Each structure stands twice: as C-alpha cells, then as structure tokens.
Amino acid sequence: QMKRYELKRYFGYQAMINAGRIFTPLSSLRLGADYTPLSTDLKGKTVKYDMASGSLDYMLNLTNLMTGYDPERKYDIQLFAGVVASGGEAGLHTSYRVSRRFKVFLEPKIRIYGKELLMQDNVQGSDIMMSLNVGTSFSF
C-alpha cells in the first residue's frame, strides 16, 4: 500500500440519482450519476476537492432467483456490478417496499478506480472507495 495523502474525513455524504429499467424478474440495468465532496490532509494542509462520476450497473435480483417471483413481496436483495468512469463497482442493493411505488433502500458498495484518481491511500496501484448509501426509490 502506497501512502500519498492522509484522508481527512472518513465519513461524508454522497448525492446520487439513478434511473433504471427492469427487463425480467431477475435482471435490470440502471444508469446513475453522483457527486461526492472529499478532503485530504496534504503536508499539514487541508485540501478539499469534489468528485462527480457516472455509472452503468447490471442488477441481479437474488431474492427472485432464490425464492421465485412474488409481486407482493416487501423486500428485495439485488447484487450489482458495473462500470464507473475510470473503473468499476459492485455491491448489494437491499430494499423494503413501503407502498406500491415507494421503497427505502440500503446499499453497501465498493468502487475501484484507476491509478491515482483519488487523493488518498492507494491499494496495489488502484484507488478504492467503499460506501454505504441510504435512500428512497420511486417506481413509475
């Protein structure tokens, strides 16, 4: 592990928006955009910068795969993997249906970027960012 910078904040926020299409009870695609403000400690001085990126993910509905499709189901777990500008991402999208069109979700994910994209620690030549997103989704 090469150390280029000290990460100043370990917790922060990320704003994201996604739009997707369900093709079958098992598979769907989503296109997303996100924004993350970051700050690092560089030679005793705080450096702030912003990061915006886009992603395209394939999502596999594990709940439907293991238990069969049920349109009245309240919860879902989906495995996703996709491409991000300069890298890739993978994670789990867990959701609970509050109403017919409205869900709340929890989504742990990991992103791997190309060399030295982030101003923080580097793992074997790649920058890695883990996140836990909480949010809502609405179906049309």
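Biologist: The side chains of Arg-111 and Asp-34 meet in a salt bridge, with 2.7 Å from N to O. Which parts of the chain does this pair link?

Modeller: Distant ones: Arg-111 is in strand E7 (residues 102-113) and Asp-34 is in strand E3 (residues 27-42), 77 residues apart. Before we go on, this is a predicted model, where local features need pLDDT of at least 70, side-chain atom pairs count only at pLDDT 80 or more, and totals for chains, interfaces and linings use all residues. Residues are numbered from 1 along each chain as its sequence is written, and side-chain values use heavy atoms, with hydrogens and water left out.

Biologist: Okay, but why is the contact of Arg-111 and Asp-34 called a salt bridge?

Modeller: The rule asks for a side-chain nitrogen of Lys or Arg within 4 Å of a carboxyl oxygen of Asp or Glu. Arg-111 and Asp-34 come to 2.7 Å, so the pair qualifies. A search of the whole structure finds six salt bridges.

Biologist: What makes Lys-109 and Glu-89 a salt bridge?

Modeller: Their N to O distance is 3.5 Å, which is within 4 Å, so they pass too. Lys-109 sits in strand E7 and Glu-89 in strand E6 (residues 87-97), 20 residues apart, so that pair also links distant parts of the chain.

Biologist: And what is the distance between Glu-89 and Arg-111?

Modeller: Their closest N and O atoms are 2.6 Å apart, and they form a salt bridge. Here Glu-89 in E6 and Arg-111 in E7 are 22 residues apart.

Biologist: Are Arg-111 and Asp-34 buried or exposed, and how do you know?

Modeller: Buried means under 20% relative accessible area, exposed means over 50%, and partly exposed is in between (1.4 Å probe, protein chains only). Arg-111 has 3% relative accessibility, so it counts as buried. Asp-34 has 9%, so it counts as buried too. Lys-109 and Glu-89 are both buried as well. Of the 140 residues of the protein, 31% count as buried.

Biologist: You keep saying "strand". How many helices and strands are there?

Modeller: One helix and eight strands. These are DSSP runs numbered from the N terminus: helices are H or I with at least four residues, strands are E with at least two. Read along the sequence, the pattern is β-β-β-β-α-β-β-β-β.

Biologist: Why do we say that E5 and E6 pair?

Modeller: Two strands pair if DSSP finds at least two bridges between them. E5 and E6 have 10 bridges in the antiparallel sense, so they meet the rule. Tyr-75, for example, has Tyr-96 in E6 as its bridge partner. E5 and E6 form a hairpin with two residues between them, and Ser-86 in the turn has a positive phi of about 70 degrees. Strand E4 (residues 45-61) is joined to E5 (residues 75-84) by seven bridges, and these two run antiparallel.

Biologist: How many cavities of 30 Å³ or more does the count give, and what makes something a cavity?

Modeller: The count gives one. On a 1 Å grid over the protein atoms alone, a cavity is a set of points where a 1.4 Å probe fits but cannot get out, and lining residues have an atom within 4 Å of a point. Grid points are joined across faces, edges and corners, and the volume is the space filled by probe spheres set on the points. The largest cavity holds about 40 Å³ of space.

Biologist: Which residues line the largest cavity?

Modeller: Among them are Asp-34, Glu-89, Lys-109 and Arg-111, as well as Asp-57. E3 gives the most to the lining, with four residues.

Biologist: Why is Asp-57 called buried?

Modeller: Its relative accessible area is 1%, which is under 20%, so Asp-57 is buried. Asp-57 lies in strand E4. Leaving aside residues up to four places away in sequence, Asp-57 touches several others, including Arg-30, Phe-80 and Glu-89. A contact means heavy atoms within 4.5 Å.

Biologist: And what makes Asp-127 buried?

Modeller: Its relative accessible area is 0%, so Asp-127 falls under the cut-off. Asp-127 is in strand E8 (residues 127-138).

Note on methods: On a 1 Å grid over the protein atoms alone, a cavity is a set of points where a 1.4 Å probe fits but cannot get out, and a pocket is an open set with protein on both sides within 12 Å along at least five of seven lines; lining residues have an atom within 4 Å of a point.
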